[in-house]
Amino acid sequence: MGPIIALFIVMLIAVLILVNCIKIVPQAHAVVVERLGAYLTTWEVGVRFKVPFVDRVAKKVSLKEQVADFPPQPVITKDNVTMQIDTVVYFQITDPKLYAYGVENPIMAIENLAATTLRNVIGDLELDETLTSRETINAKMRSTLDVATDPWGIKVNRVELKNIMPPKAIQDAMEKQMKAERERREAILRAEGEKKSTILVAEGNKESAILDAEAEKQAAILRAEAKKEATVKEAEGQAEAILKIQKANADGLRMLKESAPDEAVLTLKSLEAFAKAADGKATKIIIPSEIQGIAGLTKSVVEVAKEQ
């Protein structure tokens, strides 16, 4: 039984060694392998096998994009204002071999490099520029870090300034400045509103006066047209009346002519016309010579009328 147990133990150990030599590399990962202490190869996704007691896994590397949030760092601006700024660096490992052998502690190296780069960038800016130039600072830091970390097999994708914390006194002064700026904008907006209101009222009064003048003009035109129409109608009425009178006179003359009046009738008509002419309104009357002999005839007509 002794040799069998020993053989079983040996076989079990061999199986365990073989199983331990089989490696599965998952997606988005890489494995750096050494042989006898020297770099051998980089395993990518799949099932891999290493030589027992000769090969070893030196480093397992994640190829995903990683985020490093560094604590606030004290920096001094160009105008000697000390503030605290914390940064967030987004990076990705592009070369597992360089990452494994390039630097001892890559994350700490990136942190220190980000701090020094941040101090250099902020040192060239004043306080106001620092507060309003985040995009510029981010771009400069990303460019500098990307170049510096390239020998380490690391690519810096983005750098973001998470918080910019000026001193308390500066914050109070900034708040007062912002308050004064808001009050100034409010006063400007109020003045502009009052100005627009005054302009609108003036324009309304102007339009009202124009409309009143236009209405008065239209009314005057209508009154003139109505008066003109009334005058025309009156003239037409007078003309029609004159025409009717003339027509009546013409009809009377025509009838008189058709009736063939004798000398006595004509004389009587002349007397009637003379009576109308001497109605007391005239101051001077001229009697034609033909009418001088009418008196006797008139007397005769009167006497004949009495006898009848």
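In what order do the strands of the open sheet stand? The order is 3-2-5, with antiparallel pairing among the 3 strands. This is a predicted model, in which local features need pLDDT of at least 70 and side-chain atom pairs count only at pLDDT 80 or more, while totals for chains, interfaces and linings use all residues. Residues are numbered from 1 along each chain as its sequence is written, and side-chain values use heavy atoms, without hydrogens and water.

View 1. Strands (E, at least two residues) and helices (H or I, at least four) are DSSP runs, numbered from the N terminus. Two strands pair if DSSP finds at least two bridges between them. Strand 3 (38-43) and strand 5 (55-62) each have a single partner strand, so one side of each lacks a neighbour in the sheet.

**View 2. Strand 2 beside strand 5.** Strand 2 (residues 29-35) pairs with strand 5 over 7 bridges in the antiparallel sense. Val31 is opposite Lys60 of strand 5.

View 3. Helix 3 (residues 106-123) consists of 18 residues.

**View 4. Ser133 in the loop between helix 4 and helix 5.** Ser133 is buried, with a relative accessible area of 17%. A polar atom of the Ser133 side chain lies 2.7 Å from the backbone oxygen of Glu129.

Key: Expected span 1.5 Å × (residues − 1). Buried < 20%, exposed > 50% of the residue type's maximum accessible area, 1.4 Å probe, protein only. Polar contact = N/O pair within 3.5 Å; in protein donor to acceptor, adjacent residues only side chain to side chain.
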